[in-house]
Amino acid sequence: MTKQPLLQIKNLTTSFRIHDEYYAAVDNVSLNVNENEVLAIVGESGCGKSALALSIMRLHNELNTKLEGEVNFKGQNLLTLSTAEMNRYRGNEMGMIFQDPLTALNPLMRIGQQIEEAMKNHLNLSDAEMKARSLELLKKVGIPNPERTYLQFPHELSGGMRQRVVIAIAIACEPKFLIADEPTTALDVTIQAQILDLMRELQKQMKTGIILITHDLGVVAEMADRVAVMYAGEIVEIADVYTLFSNPLHPYTRSLFNSIPSAAEGSDRLHVIQGIVPSLKNLPRTGCRFASRIPWIKESAHEINPTLHEVEKNHWVRCTCYQDFHFPDDTEAVKYDIS
Amino acid sequence: MTFLKVENLKVYYPVRGGFFRRVIDHVKAVDDITFELKEGETYGLVGESGCGKTTTGRTIIGLNRPTAGKIFFNDIELTKLKRRDFYQYRKDIQMIFQDPYSSLNPRKRVLDIIAEPIRNFEKLSPNEEKTKVMDVLEKVGLSPESIYKYPHEFSGGQRQRIGIARALTLNPKLIIADEPVSALDVSVQAQVLNFMKDIQKEFNLTYLFISHDLGIIRHMCDRIGIMYRGRLVEEGTKDEIFEYPQHIYTKRLLSSIPQMNPEERIQHTAFRRKVNEEFKNNYDKYFDAEGKIFDLKPISETHSVALP
Amino acid sequence: MLKFIIRRSLIAIPQLFLLSVLIFLLAQAMPGDALSGKFINSPNLDPAYQSELRDKLGLNDPWHEQYVRWIGNLVQGELGMSYVHNVKVETMLESRIANTFWLGLATLILTYLIAVPLGVIAGRLPDTNMDKFIVTYSYVSFSIPIFVFALIMLYIFGFTLDWFPTGGSVDVRTEPGSWDWYVSKLHHLLLPALSSALLATTSTIQYLRNEIIDTKLKDFVKTARAKGTPERKVYTRHIFRNSLLPVAAFLGYDIVYILSGSIFIEQIFSYPGLGQLFVDSIQQRDFAVVNVLVMLFGVLSILGTLLSDIILSIVDPRIRID
């Protein structure tokens, strides 16, 4: 069982320049994604999950971003490639689905042209072949009238239909690997359900490896095989989806679960994580990054240099503080002013 | 006496066409809805984008003109009032908006933002005004010294609290909250929701809570109205809606919520498929010949469904 | 589309009507009347005869009667008489319209030839020295008054270096219609057009630069890159096209801007066009000509903005006019 993973991220650090200094938004992250596997990356805004997604495909602004580490796709480190070489992978073996279907499509180009652009870049097909394939793709993603949609402009489609087109573009060249960055956040629930169902179906059919970036634990529960939880640029917990939902360990993961007004159960008060997510410039760079948000936990519970520990098979948790973590009782809540 | 009563409310927008841009049709944003709010309760208005929930809220507060129908507030018919008389009742009805980033003027200090409604309705000396603003700020858990700060100096959750503080200054009785936490991260969202519950108890507030997020609606609301294409398809208590949904649209909406239990995802998907099929196949059972939603009919004292 | 044009034209009628009343009233309010200009040159004329003449021409009638007469004629294509030059206004306009048209066209082409590449470079490489230079140029050009700049250009390239003629629209020694005649026309055009264009570029450069910087960050550009589209094509197919859109919409306004600039330019370069005629006519109190010219400028401005809307609706599929 030493099969090489489809995508292997090793010690990836993505830093953004702010006023001539670089700050790591993704800090020393290592991850594997296997073929036919959906890995969800969960976290709140500013945790670095989107920066991570863009780093893999190298779609960030090169002028103010620094990438360190390795992103190995089928054994090739993508970070050492030139842009032209990188373009051979983008859209071909790797696809990307964006959050907002409203802005992810060029408003001045017909749907057909936009799908075919990906094929033009990678496949040697005649115009007729490309058109046939586009129509087939549109049908595959559940567009009711492909012939018509092929000639339409993005603004003529509803949000759900646009997201289907975005998916069609991403899978135009049958990629082995997909990144989906909040693919359903901008959509209504019924549409979200349809898109998730579609993505899962296509994933099974094509055996794609997927990194799914989301803030929505419900989406994770529906889609993911494995889950990585990110906080302040680091992975704080990683496990398969069943383990993570039945036995979340890291204080941040547990807090996150407790702050969701779940549709399934109704508790009166939601857990509030104390303090605010530190901005990129003010991220704590040493010690447990979550420590300041759980001040009622004694300092000695944290590691000085927190690392990921394998607490059970394939279940990794950062720092030792999870062992001593408990939600604040009433006196602690008052003392630390947790509203 | 009813606290708030919305009766046969219709809000149509004209569609213009032809050479002289005459009105050729109407978009029926809200098409004949009736509901009531009791004092102190939270009533949730749920639906997908474009279902008319926001328009309903905006019409109650007077930001939209009703095409037809009546709105009663403490038995006074707001829809009949002249602009000037209506103004008086605006004090009692306040609104919290979705986006804490764009609903606060970035060039105004917190003092001016929160004092704005006071300035509109009451004549206070600058000192009295300042004291009052500091009072409300304290109520929403922000330090009174922040009155001279600008919105960008606050986090998203704090900004939403400033928005709430602004709504609270005039001691309103009814607050219309239009997607108050949709723009916020879950942990911040929790903070605002808890806070809204606290002040509700403290000031005996009534909420009209507008949202597309059924999890939040379930957490916050006592009674719920489900809107679809400008009409109410179902109305009932929280338990009735979530445990015994009757209308196919309600079922479809509920089945779309991602299940928080990964073990059940296969069953859940199958269930969702079943509901969607029923929605397609038994369309005529739930909608009339023109595809319109039926009028609400009570099936119990508190539960009504739009069925023939 | 046709419907839209017709509707817009109908809206223009009340606009033009108001403009015409305004011009007429302003002309009335100015000291003197259509005949004063003529009489300035003959101070010995009998005042009794002067007033008789005024009576005959209806200049002593109440203003609204005069206005109705004037506008009635105008609508019928009767532009009136220049009392100063004793010729029909049409005759005076004829040759000058063509001159101003060519000058305007040359200015417009030069403006875009300069502005588009500069805007593209600045937008593609923001915050580089090149960009800073371009932005500085656009601010400087924005702040220099056109008559000052035109005089400097005329002094340097016309008088000192003697590269360009310093006045007129064509060398009178050339045979009209001959090759030399066209070359001479172009030669006379170039300096005024360039002077005007160098200053008219500001809005286009700034707009294009900002649009490109904005568009570069748009999600669909990321989508294009994620498809593996080569960088060159990302720019040509996705960024430039979308950025040029609002600039194209400014064409109509640019025309208006250049037209108003022509008033100074033509005066300074003694270029016999509508602008020069306008200034001369005001100085000579030749109100018949002034009124017609203002109306003409008004019509052109309205046409310019209409043109902007039409262009936008053609290039942007999101805007549909019917």
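Hi everyone, let's start with chain C, where UniProt, in an unreviewed entry, lists "transmembrane region" for residues 101-122, 134-157, 189-208, 244-269 and 289-315. Please keep in mind throughout that this is a predicted model.

Let me take two of those stretches. Residues 101-122 of chain C are 100% helix and 0% strand, and their end C-alpha atoms lie 31 Å apart. Residues 189-208 of chain C come out at 95% helix and 0% strand, with 27 Å between the end C-alpha atoms. The UniProt record, again an unreviewed entry, also gives "domain: ABC transmembrane type-1" for residues 97-308 of chain C. Over that span, the chain is 81% helix and 0% strand, and the end C-alpha atoms are 22 Å apart.

Now please turn to chain A, where we can look at two sheets. What is the strand order in the sheet of four strands? Reading across, the order is S2-S1-S4-S5 in chain A, and this is an open sheet with antiparallel pairing. At its edges sit strand S2, residues 21-33, and strand S5, residues 76-77, each of which pairs on one side only. If you are wondering what holds such an arrangement together, strands of a sheet pair through backbone hydrogen bonds, either parallel or antiparallel.

Let's zoom in on one pair. Strand S1 of chain A, residues 7-18, and strand S4 of chain A, residues 65-73, are joined by eight bridges in the antiparallel sense. For one of the residues there, Ser15(A), the bridge partner in S4(A) is Lys66(A). Across S1, S2 and S4 of chain A lies helix H1, residues 49-57, which runs at about 75° to S2(A).

The other sheet of chain A has eight strands, in the order S6-S7-S8-S3-S9-S10-S12-S11; it is open as well, but the pairing is mixed. Its edge strands are S6, residues 94-97, and S11, residues 308-312, each pairing on one side only. On average, neighbouring strands in this sheet are turned by 20° against each other, direction ignored. Within the sheet, strand S9 of chain A, residues 226-231, pairs with strand S10 of chain A, residues 234-240, in the antiparallel sense over six bridges. Here Val227(A) has Ala239(A) as its bridge partner in S10(A). And H1(A) turns up again: the helix packs on this sheet too, touching S3, S6, S7, S8 and S9 of chain A, and its direction makes about 150° with that of S7(A).

On to chain B, and a pair of helices. Helix H5 of chain B, residues 156-168, packs with helix H6 of chain B, residues 186-203, at an angle of about 25°, and their axes are 9 Å apart. Angles under 35 degrees count as roughly parallel, so H5(B) is roughly parallel to H6(B). Their crossing is right-handed. From H5(B), the contact uses Gly156(B), Gly157(B), Gln160(B) and Arg161(B), and from H6(B) it uses Val188(B), Gln191(B), Val192(B) and Phe195(B). Sorted by class, that makes three nonpolar, four polar and one charged residues.

Finally, how do chains A and B meet? Chain B brings 31 residues to the contact and chain A brings 34. On the chain B side, H6, H7 (214-220), H9 (248-256) and H10 (265-281) each give two or more residues. Which element of chain B gives the most? That is H6(B), with seven residues. By class, this side of chain B has 11 nonpolar, 13 polar and seven charged residues.

Note on methods:
Residues numbered from 1 in each chain as written. Chains lettered and ligands numbered in written order. Predicted model: local features only at pLDDT ≥ 70, side-chain atom pairs only at ≥ 80, totals over all residues. Pairing = 2+ DSSP bridges. Contact = placed C-beta atoms within 7 Å. Axes fitted to C-alpha atoms, helices over the stretch in contact; angles between N-to-C directions. Parallel < 35°, antiparallel > 145°, perpendicular 65-115°, else oblique. Left-handed = near helix turned anticlockwise from the far one by under 90°. Nonpolar A, V, L, I, M, F, W, Y, C, P; charged D, E, K, R; others polar. UniProt positions renumbered as here; feature names shortened; annotations may be inferred.
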